[in-house]
Amino acid sequence: MGVAFGPVASAFIQSDAPVSVIVGPVGSGKSSATVIKLMRLILGTPPGADGVSRSRTIIVRNTYRELEDSVIKTFFAWVPQSSGEWSPGSLTWRLDVPGRCQHDVMFRSFDSAGDVGKLLSTEYSYGMLSEARELPEELIHMLPARLRYPTQRDVPGFRGRVLIERIRVIRRIGSTVRLWSRKPKAGRYSSNRQAWPRTLRILRICQPGTTKA
Ligand SMILES: Nc1ncnc2c1ncn2[C@@H]1O[C@H](COP(=O)(O)OP(=O)(O)OP(=O)(O)O)[C@@H](O)[C@H]1O
Ligand SMILES: [Mg+2]
């Protein structure tokens with residue numbers, strides 16, 4: 001089955017901004033576009049000197065229940081679970097091709113601002129904040145600093161990315177980071193059978209002091 005995304009979701013998927021945000025109406029394809037973008041990044045992670053591409057991703061939702069009921073289901077709706085190894089106990093999916101790549105995707109819940117400290121124990125390549133409006137705001141500020149895997153020594157020039165889906169406090173974030181916004185556009189995506197006109201709005205924010213949109 002062919003899958004297509006509309007112009008706004010496509011711009012979000014293709015954006016190379018350090019932090020990219022997608023917002024839009026219920027059911028407009030935000031989570032799906034975020035998973036596709038994440039896999040584009042993961043599979044495009046440059047290899048280290050030994051030729052092996054390595055990445056570590058954290059996907060965050062506010063509660064464990066919603067991780068199970070929503071985020072993990074959406075992820076595996078787009079990514080064949082059997083193409084990697086799923087560990088339900090640790091909520092981690094590993095794509096391991098010896099000599100080629102080793103990518104870990106870790107699903108984590110953060111119910112309170114105090115849980116943000118869990119982030120400090122590990123370094124990541126990519127972070128995805130699902131339904132960010134329900135997450136502690138500190139996460140959004142702290143995550144970019146945790147994106148240090150692979151290290152600059154292993155992969156010089158590597159830059160991690162943060163993907164944010166649905167955000168509430170865009171103005172307050174705008175006071176500490178630079179904010180770009182686009183006017184709502186008519187977005188359209190379609191599968192073989194259906195084509196739904198949707199409106200999505202894409203907002204891209206940048207880390208302070210940078211000029212890349
Ligand atoms: N490009 C696409 N082609 C075909 N189906 C799609 C596409 N994008 C999303 N869908 C389907 O549309 C439905 C809603 O998508 P999704 O869950 O990604 O939207 P959402 O904006 O995250 O929804 P919510 O607001 O409920 O979180 C899902 O069943 C998904 O499989
Ligand atoms: Mg969603």
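User: What is the bridge partner of E85 in strand 4?

Analyst: In this predicted model, E85 is bridged to R94 of strand 4.

User: What makes strand 3 and strand 4 a pair?

Analyst: A pair needs at least two bridges. Strand 3 and strand 4 have 3 bridges, in the antiparallel sense. Therefore they count as paired.

User: How many residues lie between strand 3 and strand 4 in their hairpin?

Analyst: There are 4 residues between them. Strand 3 covers 85-87 and strand 4 covers 92-97. L91 sits in the loop that links these two strands.

User: Why is L91 called partly exposed?

Analyst: Count the other C-beta atoms within 10 Å: L91 has 18. Buried needs 20 or more, and exposed needs 12 or fewer. The count for L91 falls in between, so L91 is partly exposed.

User: How do you know that strand 4 and strand 5 pair?

Analyst: Again, the cut-off is at least two bridges. Strand 4 and strand 5 (residues 101-109) are joined by 6 bridges, so they pair. The two strands run antiparallel. One bridge links R94 to D104 of strand 5.

User: Which residue in the turn between strand 4 and strand 5 has a positive phi?

Analyst: G99 does, at about 80 degrees. This hairpin has 3 residues between its strands.

User: Why is D104 called buried?

Analyst: D104 has 23 other C-beta atoms within 10 Å. The cut-off for buried is 20 or more, so D104 qualifies.

User: What is D104 in contact with, leaving aside its neighbours within four places in sequence?

Analyst: D104 is in contact with R56, T57, T92 and R94. A contact here means that the C-beta atoms lie within 7 Å. Take R56: R56 and D104 are 48 residues apart along the chain. Their C-alpha atoms are separated by 4.8 Å.

User: What share of the contacts in the protein chain with a separation of 6 or more comes from residues 24 or more positions apart?

Analyst: Such residues account for 72% of those contacts.

User: How many helices and strands are there, and what share of the residues is buried?

Analyst: The protein chain has 5 helices and 10 strands. Of its 213 residues, 33% are buried.

User: What makes the peptide bond between Y149 and P150 cis?

Analyst: Look at omega: its value there is about 0 degrees. P150 lies in the loop between helix 4 (137-142) and strand 7 (161-165).

Conventions:
Residues are numbered from 1 along each chain as its sequence is written. Chains are lettered from A and ligands numbered from 1 in the order in which they are written. This is a predicted model: local features need pLDDT of at least 70, side-chain atom pairs count only at pLDDT 80 or more; totals for chains, interfaces and linings use all residues. Two residues are in contact if their C-beta atoms, placed from the backbone, lie within 7 Å.
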